[in-house]
Amino acid sequence: MSNFLLAWIVLIPLLSSAALGLMYLFSIKIVKIPNIVFTLIGVSAPFASFWIATTFFLQMIGNSEIFLYKAYRWLGVDGYDIDMGFMADKLSIFMVLFITFVGGLIHLYASGYMKNDDGYGKFFFYFNLFIASMLLLVLADSPIIMFIGWEGVGVCSYFLISYYYEDEKNVQAGNKAFIANRVGDLGFIIAMITMFYYAGANGFDYINLEASMASVPPDVLTFIGLALFVGAIGKSAQIPLFVWLPDAMAGPTPVSALIHAATMVTAGVYMVARFHFLYDLIPDVGLIIAYVGAFSALFAAVIATKQTDIKKILAYSTMSQLGYMFIAVGLGGYSVGIFHVFTHAFFKALLFMGAGAVIVALHHEQNIFKMGGMKNKTPLVYFTMLIATLAIAGIPPFAGFFSKDEILLTAFGSGEYLIWIMGVVTAVLTAYYMFRLLFVVFHGSNYKEERKLHALNKSITMPLVILAMGSMFAGLIGVPELLGGHNLIGIWLSDWRNSSLHVAHDTEFILMAVNILAAIVGISIAYKKFFKYDMKIVPQYEGMIWNKFYIDEIYDRFIVQKIKKISIFISYKVDVNIIDMVVMGLSRSFIRGGHFISKLQNANTRFYAFTMLIGISVISTYLIMVMR
Amino acid sequence: MQEKEALMADSLLSYIALAMILFSIGFLGVIARKNIFIVYMSIELMLNAINLIFIALGRYYESMQPQVIALIIIAIAAAEAAVFLSLIVVLYRKKKSLNSDVFNVLNQKDAAHE
């Protein structure tokens with residue numbers, strides 16, 4: 001079989017990133033390589049992976065085949081072996097398809113966005129490395145291999161957030177993301193160790209784990225489930241480890257689009273879906289996940305209503321949408337959650353890329369109240385952004401409507417009405433803040449300084465159009481049967497769907513109407529307040545919401561400062577007084593001893609002879625007295 | 001027979017005592033005197049003290065080996081004397097002195113106090 005091609009899905013971006021990295025070093029040290037070379041290699045890699053993934057996808061249609069490929073033995077410890085294995089089932093191949101497709105489009109966009117950057121080759125090196133890690137995460141056949149990809153995307157995210165490393169703030173944002181992810185990774189590692197201890201005897205890949213999971217005691221299962229979810233929280237920016245995501249907007253806009261919207265942050269959702277055999281056994285933990293998701297969704301949506309930085313608004317909306325996904329997977333609607341991941345990848349990437357286009361056109365202005373009137377200046381960006389905004393707000397027939405509707409249906413059908421209410425309120429807020437952004441940026445009349453707009457080239461606008469098509473039609477694969485469609489995604493992923501919901505058709509209609517109503521309410525409030533908004537003075541916000549509920553300050557006060565104090569104590573007290581004393585004392589005593597002994601070497605031959613005699617006497621005495 | 005052995009043991013002891021006294025004198029000469037010639041003479045004295053012990057033990061055990069060794073030592077000492085004396089001549093030409101403390105080129109005293 002051609003299963004070895006699975007490895008090449010990961011290998012192509014990896015090899016191309018290695019080639020790009022070497023070429024970049026060659027380019028800065030020896031001879032400059034033109035950017036077009038980097039573009040060709042960097043952009044073609046994700047599309048090549050997409051093509052391979054498509055062939056697997058086509059083989060999978062209509063049957064439930066799982067492709068496995070073990071490349072080589074990665075670790076062998078005393079009869080226990082870990083293989084570098086790849087697994088493509090319906091879930092992972094679906095993820096791979098849209099990661100490579102959306103990722104490829106964002107690569108294309110980046111080739112226009114980063115055109116004049118000095119580190120062009122380096123940027124594509126990071127980007128391809130990121131794609132390779134993400135694909136490894138998705139295609140892994142065991143939690144350990146998944147963890148390699150997990151860490152890979154974390155480190156690429158760190159590189160890319162602090163890409164403009166001359167500014168110290170960006171570096172700090174990168175550190176923050178890395179450290180927050182580290183907290184989550186600890187949970188993942190603990191979960192993995194526990195899982196290995198209790199269920200790893202018959203092999204540690206997903207298929208064997210699934211079989212041996214039933215014999216694990218329920219308390220331990222709960223513990224594993226919670227620890228894994230801590231990892232998911234860190235990666236997917238949910239309460240309480242979300243603080244890194246808004247700061248991560250320090251990176252270039254394609255980074256925000258690729259990593260912090262479309263792919264990496266969905267890794268947590270993917271992980272929960274991947275371990276569905278575990279979460280199926282512990283519905284209580286699933287409920288906790290759903291509540292964390294609901295709170296995060298609402299919380300982020302509230303904060304987003306008051307932000308003024310265009311990218312921060314989108315960052316909080318990402319967090320909010322991720323909350324929706326966790327509601328779905330927590331309540332067992334894995335296919336629903338993955339469906340939202342899929343549609344979200346399209347419209348969120350589009351929103352970020354549109355925002356990036358506006359930012360470029362306005363010479364790197366990010367405050368929405370200093371923009372305005374972009375509708376006539378960049379009509380193409382306006383229309384694509386409008387589609388994406390309608391999609392995220394949940395207006396039919398755009399993509400976001402179907403997935404969000406199904407999530408809320410899942411929440412309602414499971415009987416978790418509190419979650420459902422939070423979801424609906426979030427939907428109102430989402431529509432409000434997204435249209436606030438749209439109205440202020442494109443309809444407002446503030447941009448008075450008639451500076452010449454920075455021209456947008458084709459490689460920026462073309463992905464926008466393609467993604468706009470995606471945002472329009474991506475939802476159609478999940479049209480509920482109620483509206484005469486076939487829920488293709490539900491059928492595709494049906495093998496591991498937990499709860500088949502039984503909601504009466506009338507209820508379903510009412511819920512759908514409520515969702516549309518929620519979106520319309522949000523839009524009309526935004527319309528009333530911000531349409532044709534005249535911003536003579538840039539509004540200054542204050543208060544609790546603008547300050548993000550002081551979460552950063554609270555963390556700073558109660559965690560960061562405490563750790564800092566301990567670190568200072570260790571570095572100035574323990575280090576100086578104990579460690580240095582021991583180390584330096586040792587070296588000083590060696591020096592003193594050396595000086596003392598060197599006095600014996602005084603060039604006095606007769607003294608040497610005398611010492612020699614003493615030595616000989618001692619040795620011969622020893623030989624005579626003891627050895628005899 | 002018994003008496004003869006006792007006599008032999010007594011004389012062996014006196015020979016060894018003499019050799020030890022000679023060796024000690026030689027050693028004292030090496031560490032106490034500065035003149036290279038005297039030092040050299042003292043070394044020869046120590047060498048001959050050892051030779052004496054070899055001969056005495058050879059007689060006592062009625063064995064030929066120690067005597068052969070003694071002869072070899074004497075032969076080597078003769079050759080060594082030639083080398084040593086020529087070295088002394090060369091050193092004297094360099095420093096115009098026979099004081100052994102003058103020859104301290106390989107001294108590490110200064111380097112050790114860095």
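Arg182(A) and Asp185(A) join their side chains in a salt bridge, 2.8 Å from N to O; the term means a side-chain nitrogen of Lys or Arg within 4 Å of a carboxyl oxygen of Asp or Glu. Both residues sit in helix 6 of chain A, three residues apart, about one turn of the helix. Helices (H or I, at least four residues) and strands (E, at least two) are DSSP runs, numbered from the N terminus. Arg182(A) is partly exposed at 36% relative accessibility, while Asp185(A) is buried at 5%. Buried is under 20% relative accessible area, exposed over 50%, partly exposed in between, with a 1.4 Å probe and protein chains only.

This is a predicted model: local features need pLDDT of at least 70, side-chain atom pairs count only at pLDDT 80 or more, and totals for chains, interfaces and linings use all residues. Residues are numbered from 1 along each chain as its sequence is written, chains are lettered from A and ligands numbered from 1 in the order written, and side-chain values use heavy atoms, without hydrogens and water.

Next, Lys70(A). The contact with Asp141(A) is 2.9 Å, N to O. That pair spans 71 residues, from strand 1 to the loop between helix 4 (120–139) and helix 5 (143–161) of chain A. For Asp205(A), the closest N and O atoms are 3.7 Å from each other. Asp141(A) is buried at 3%, as is Asp205(A) at 16%; Lys70(A) is partly exposed at 43%.

Last, strand 2 (residues 80–88) of chain A: seven of its nine residues are buried, so the strand is largely enclosed by the rest of the structure.
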